[in-house]
Structure formats: structure tokens, C-alpha cells
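Here is a short briefing on selected side chains.

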Amino acid sequence: MIKNIKKISIMLLLVAGVNFSCTEGFEELNTDPNRTEKISPGTLLNPILYSMATFNTLRADDFTFHIMQVTLPYPSNSGGVHRYDIGESAGNSTWNTYYRWLNNVRELKEAAIAAPDANYEAVALTLNAWIYSQLTDCFGDVPMDEALRGEERIFQPKFNTQQEVYTKILEDLEYANTLFDPKKPMIYGSDLLYSNSADDQKDGKNILRWKMFCNSLRLRLLLRVSKRPEMNSYARMAEIINNPAANPVFTSNSEAAILKVSGVGANVSPWGRAIDFTTFRAGAEFFIDNLNAFNDPRRAVFNTQAKSKDGKTNIGYKGIPSAYTGSDSQFAFQPSGLNVALATAPMVCVIMTYAEVEFIKAELAQKGVLPTANAEGYYQKGVKAAIEQWGAVMPADYFTNATTKAATEYNGTLERIMLQKYYALYFNDYQQWFEYRRTGLPVLPKTDAMLNNKMVPVRFEYPVVVETNNPVNYAAAVANMGGSDDINAKVWWEK
């Protein structure tokens, strides 16, 4: 019996090209032979939320921070993601982790339908859309319809095009929006994201917040594919925003999808030692110089102060260039580092913020999809939310101070919106990278030490195990994406 269960579980992962070893622990595959036939939706939800949110936080730190010039290894004399040195295995952990938890999301959905419980079904659809959007934005075409169906003897799943993936997950989010019912409590226990207390669950507040996350995610994904006229993104986004009763979105930081890591029990920081978050790291000049130009209170939240060469004197916030040439001895100071509190429980893992919603609205207004006169208001709300989200105090004169307003006030450009959105997406999985690929903004400095012709890579290569175990469908996917499985092959929504 146990042998058969193991075989099915392994096949479920292999069909998606998931690579694993005995050292990963078979327990992670949810294959306990003693569990009951009927799984409670509440049993599955929290492990999905915690594992996905903490994994994405780690990836924000070890990939997005570097490629988007937030931080860099220090000292760093050659190579590295900040020099666009991206190897063929760079996306392996993302592929493996996302498919592992997509399998659990599928079980969550099946358990919710069997219960039946429409709220849990809607949550499962929302989580499925969230994870698949991350997966396809990292790789392009991916298995979806035939993925994780080893029990049906589908061991070499076909890939769905990115257009098919987006069409499906947007349809699912639209349907999920109709399922959420705040009048019906989620009876299978609290969830880590929205129901940690009786007050959170009172009057269906937690369910309403899940519905807000669902619709806010719809806005993110519709904006992501807005270059593709066949998706009719702008009209669909305007419809969501102009009918908040039917399509509620985040309206405050308290409603945002931000997982709180308490440090109690199993809800611990993804860093075994918080010091590992800060050791051999430096703040990037681009990231810190803008915050200095803003006189931004987030500097103290995100970074430590730089010090004199002897380490005795604080000299303010000062970074060094990403992809610098030469040795670190060229710098006459010790650069700003990362604030260890960001990786010390209690801490947060960002899934989607209220600030992002306001910046989406600002961009739509700047482009005339929403009333243009509202763009400045949306922009300012986004900046304020992004600052206060981290516990910093918004200066009353942030947009009007004579010394800084040239850098902070709304000037009617997409460049200004996207620069502040870059900071609003801090520590938010791969979102800075995705948005840079969509807009080319903010404009990042280049150096002669950057590889890849100084071009920001736009995707991960498929894991080698996918090419090996599913060669026919792998080849078809690569051909559909332009014939080359490399880091410069643009995905569908970028073209």
C-alpha cells in the first residue's frame, strides 16, 4: 500500500518535471498512508500559504534584489545575478516548488468541492491563479491542463501557451469572485493570511479580504497582459474598478495580502539564522540613491547606515554600484547593508499590497483608461501606502518639500509612477522583475562588467529534467516561444 502511494506521489511531480532527491524528505510530498480518505480544506490551506509566501520571500532576496539592483553580494569581483550571470538551473527551485504546491492547491479545491464549501473553492481558485501566474511569468509556456495527472497515466504533459494559461486563470478569478460569500464562515479553521483572530472573522471580514485579494490579483494580471489587444485588458480593468460593490479590491494596508510570520511554532522566518540575510551583502547605489533623493523614511527600515572605512563612524545611507568593475578596495567606505529585522520574526512576507493597486490605478489614469485628473491622487495614495506598510511615518511634506519634490511629486509620466512602484514592490517575490520586463522601467544603470550584452534576462530556462523526461512537449513549447530556450526569449505578454 505504502509503495503504491509513494509511486503515485512521485509520478505526480515527475509529470511536471519536478526534480527531487531523498534528502528533500518524503514527508513534503503529503503521502502519509495513515491520513483519512477525506481531506479537510483547512488542513491544506495554511501549509500552502506559508510555504509559498516564505519561498517567494527568499527568491525576492536571492534573485530579484540582485537583478533589479536592490542589493548585491559584497565583496563580489565576478559573476552573480546582478551581473546578469544567470545559469540554466536558476529557475529549478521555482519550477519544483510551484508545482509541488499547485498539487496541494488542486487537493484543496477538490476537498472544497466535496465539502461542499464555496468559500474554500474560491480561495483555491485564487491561489491556483496566483501560483500559475508566477510560474508562467518566470518561464513562459508551462504544463497546466495535463500537469500533475500521473494517476491518469499522463506522464509527459503537453505545455499550455502563456495566452492559454492567462485566459484560464483570469476566468477562474472572475468565477471565484462570484463564489465568495461573507455570510458563510470558513468552518475548517483559521488561515494564516486573513483569519488569525475572532475579529478578523467577524461579519465575514476575512472572506471579504480574500475576495479583495482575488480582484486585486485580477487587476495585476490584466495589466501584465495589457500589451496584448486580444485580452481587452483596459476595458476589463475599468469594469472592475468602476464597480467596487461587485468587484471589491484592496482599499487599505490592513486588507492587503501580506502574510505575518509570528515566529511562534512552525510559523518561523525562512532564514534559519537572520544574520545570513545580511552577511556579505551591500545596498545597491541605484536603490539607495533614489531613497536619498526622496528623503525617504524607508531607508532606516530597509538598510543600515554606511560607515567610514575603519567602521567607526556612520556616514548616512550609501550604496555601491551593481556589477562594479575592479575590487571592493576601491570604495572608501563600508556600504549600507540590509536591516536584519526584515528577516527576523515577527516579520512579513509580501504576496500583494494595497499600494500596488493604487499604482495600477495611477497607470490607468496616466494612460487615460481612468480619468486622467485622478492620476496624481492614485499615485500619492500608492506612495503613502507603500511607506506606511513597512511601519514608517509618511512625511507631511513628502511631495511638496522644496529640496525633494522634483524627485517625489507626480509629473504626469509613467516613469515617475514606475519608479515609486519599484519601491512599493520591495520584497514582493519576482514582481519588480516582471514589471521591469513589462515596461522597461525604472531605467537601471548599466556597467561594462554586466554580461548578456548588458540586457536584463527575461525568463528562466526550463529545468534540464523537463527536457529529459518530456522531450517532445518541451521541444514544442520552445518552438512556440521562438525556437530558443534561453534567458532572452521573450514571453507572450512581452512581445
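Phe302 is buried, at 0% relative accessible area. This is a predicted model. Tyr426 is likewise buried, also at 0%. The two rings form a stacked aromatic pair, 3.9 Å centre to centre with 25 degrees between the planes.

**Aromatic pairs**
- Phe302 sits in helix H10 (residues 298-302) and Tyr426 in the loop between H14 and H15, so their pair links parts 124 residues apart in sequence.
- The structure contains 45 aromatic pairs.
- Another of them is Phe277 with Phe427, stacked at 5.8 Å centre to centre and 10 degrees between the planes.
- Phe277 belongs to the loop between S4 and S5, and Phe427 to the loop between helix H14 (414-424) and helix H15 (431-439), so this pair joins parts 150 residues apart in sequence.
- Both Phe277 and Phe427 are buried.

**Charges over rings**
- Arg83 lies over the face of Tyr324, 5.5 Å from the ring centre.
- Arg459 places its charged end over the ring of Tyr462, 4.8 Å from the centre.

**Thr278 in its loop**
- Thr278 is in the loop between strand S4 (257-261) and strand S5 (281-283).
- Thr278 counts as buried, at 18% relative accessibility, because the cut-off for buried is under 20%.
- Leaving out residues up to four places away in sequence, Thr278 touches Leu338, Asn339 and Val340.

**Cysteines**
- The disulfide count is 0.
- The sulfur of Cys138 has its closest cysteine sulfur in Cys349, 17 Å away, which is too far for a bond.
- Cys138 is buried at 0% relative accessible area, and Cys349 is buried at 0% relative accessibility.

Technical notes. Residues are numbered from 1 along each chain as its sequence is written. This is a predicted model: local features need pLDDT of at least 70, side-chain atom pairs count only at pLDDT 80 or more; totals for chains, interfaces and linings use all residues. Side-chain values use heavy atoms; hydrogens and water are left out. A disulfide is a pair of cysteine sulfur atoms within 2.5 Å. Buried means under 20% relative accessible area, exposed over 50%, partly exposed in between (1.4 Å probe, protein chains only). Helices (H or I, at least four residues) and strands (E, at least two) are DSSP runs, numbered from the N terminus. Contact means heavy atoms within 4.5 Å. Rings of Phe, Tyr and Trp (its six-membered ring) pair if their centres lie within 6.5 Å; planes under 30 degrees apart count as stacked, over 60 as edge-to-face and the rest as tilted. A charge sits over a ring if NZ of Lys or CZ of Arg is within 6 Å of the ring centre and within 35 degrees of the ring normal.
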